[in-house]
Structures are given as C-alpha cells and as structure tokens.
Amino acid sequence: MSFLQVGAVALLGIAVVLGAAAVVYRDATRVGVSRPAVWAGIVAIAWGSALGLYLAPLAVPIPGLLVMVVGGPALYLFERDDVTHNDNSADPFSLPDGPGDSSSDNSRDE
C-alpha cells in the first residue's frame, strides 16, 4: 500500500475504533452494565490492536485479525446479556418464557 492509502486506512480505522468504543459506552450506561468505560476500553483495545497489526509490515493472517475484532464486542455482549436477564438459576426442565418458567412476565396472561 502507498503512504496515502495507509494514512487513509489509519484515519478511517481510528474513527471506527473510537466510534465503536463510544457506542459500547453509551449502550453500557443505558443498560446499566457496571464500569462502562472499562468495556469501551476493551473494545477499543481489541479493535485498535487489530488495526495496528493490519497496518504493520508483518504478515498477519486475516482470520486472526477477525478473531480480535470479534473478541472485544463478544465479551461485552456476554456481560450485557448477564445484566439484562435476571439472576435466577437455570431450570433444566423448562424453556425460557415457557409455561414452567417462574421468571416470565405474567402480564401476558391477563
């Protein structure tokens, strides 16, 4: 890649990394995830390091970079899922929101 292409990819990549971190921070504060700045930092570090390795002169395989890109948001989404769903223990004999689920919203039955 030429110097202009590297510069354009770097600037666009930095904007995307900061945008993704801002989206994660905003969503974490809206949902109530503890330490939203830490989760935004995890996404920014994962995406920023993938961008840095992509721009580095090293021969890094693209699937490895994709794993890094998916890793940060996946960890945040697991934490978000834990926060948004209740902390009841899992019942192996019933489906979520099924007739045997005690955590389902009973306002549908009225």
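This is a predicted model: local features need pLDDT of at least 70, side-chain atom pairs count only at pLDDT 80 or more; totals for chains, interfaces and linings use all residues.
Residues 62–78 form a span that is 100% helix and 0% strand, with end C-alpha atoms lying 24 Å apart.

## How the helices pack

Two packed helices are described by the angle between their axes and the distance between the axes.

| Helix pair | Axis distance | Axis angle |
|---|---|---|
| α1 (residues 3–31) and α3 (residues 62–84) | within 11 Å | roughly 15° |
| α1 and α2 (residues 36–55) | within 8 Å | roughly 160° |
| α2 and α3 | 9 Å | about 175° |

Let's start with α2 and α3, whose axes are 9 Å apart and pack at an angle of about 175°. These two helices are therefore roughly antiparallel to each other. On the α2 side, the contact is made by Trp39, Ile42, Val43, Ala46, Trp47, Ser49, Ala50, Leu53 and Tyr54. The α3 side brings Ile62, Leu65, Met68, Val69, Gly72, Pro73, Leu75, Tyr76 and Glu79. Sorted by class, the residues of this α2 and α3 contact divide into 15 nonpolar, 2 polar and 1 charged.

Next come α1 and α2, with axes that come within 8 Å and cross at roughly 160°. That angle makes α1 roughly antiparallel to α2. The crossing of α1 and α2 is right-handed. Its contact residues divide into 21 nonpolar, 3 polar and no charged.

Alanine 10 gives a residue-level view. Alanine 10 has its place in helix α1. Setting aside neighbours within four places in sequence, alanine 10 is in contact with Leu51 and Leu55. The C-alpha atoms of alanine 10 and tyrosine 54 are separated by 9.7 Å, although the two residues are 44 residues apart along the chain.

That leaves α1 and α3, whose axes come within 11 Å and cross at roughly 15°. An angle of that kind makes α1 roughly parallel to α3. α1 passes α3 in a left-handed crossing. From α1, the contact involves Val24, Asp27, Ala28, Arg30 and Val31, and from α3 it involves Tyr76, Arg80, Val83 and Thr84. By class, this contact of α1 with α3 has 5 nonpolar, 1 polar and 3 charged residues.

Which residue forms a salt bridge with aspartate 27? The partner is arginine 30, and the closest N and O atoms of the pair are 2.7 Å apart. Both residues lie in helix α1, 3 residues apart, about one turn of the helix. Asp27 and Arg30 are also among the α1 residues that make the contact with α3. In total, the structure holds 2 salt bridges.

Note on methods
Residues are numbered from 1 along each chain as its sequence is written. Side-chain values use heavy atoms; hydrogens and water are left out. Axes are lines fitted to C-alpha atoms, for helices over the stretch in contact, and angles run from 0 to 180 degrees between N-to-C directions. Helices (H or I, at least four residues) and strands (E, at least two) are DSSP runs, numbered from the N terminus. Angles under 35 degrees count as roughly parallel, over 145 as roughly antiparallel, 65 to 115 as roughly perpendicular and the rest as oblique. A crossing is left-handed if the near helix is turned anticlockwise from the far one by less than a right angle, and right-handed if clockwise. Contact means heavy atoms within 4.5 Å. Ala, Val, Leu, Ile, Met, Phe, Trp, Tyr, Cys and Pro count as nonpolar, Asp, Glu, Lys and Arg as charged, and the others, Gly among them, as polar. A salt bridge is a side-chain nitrogen of Lys or Arg within 4 Å of a carboxyl oxygen of Asp or Glu.
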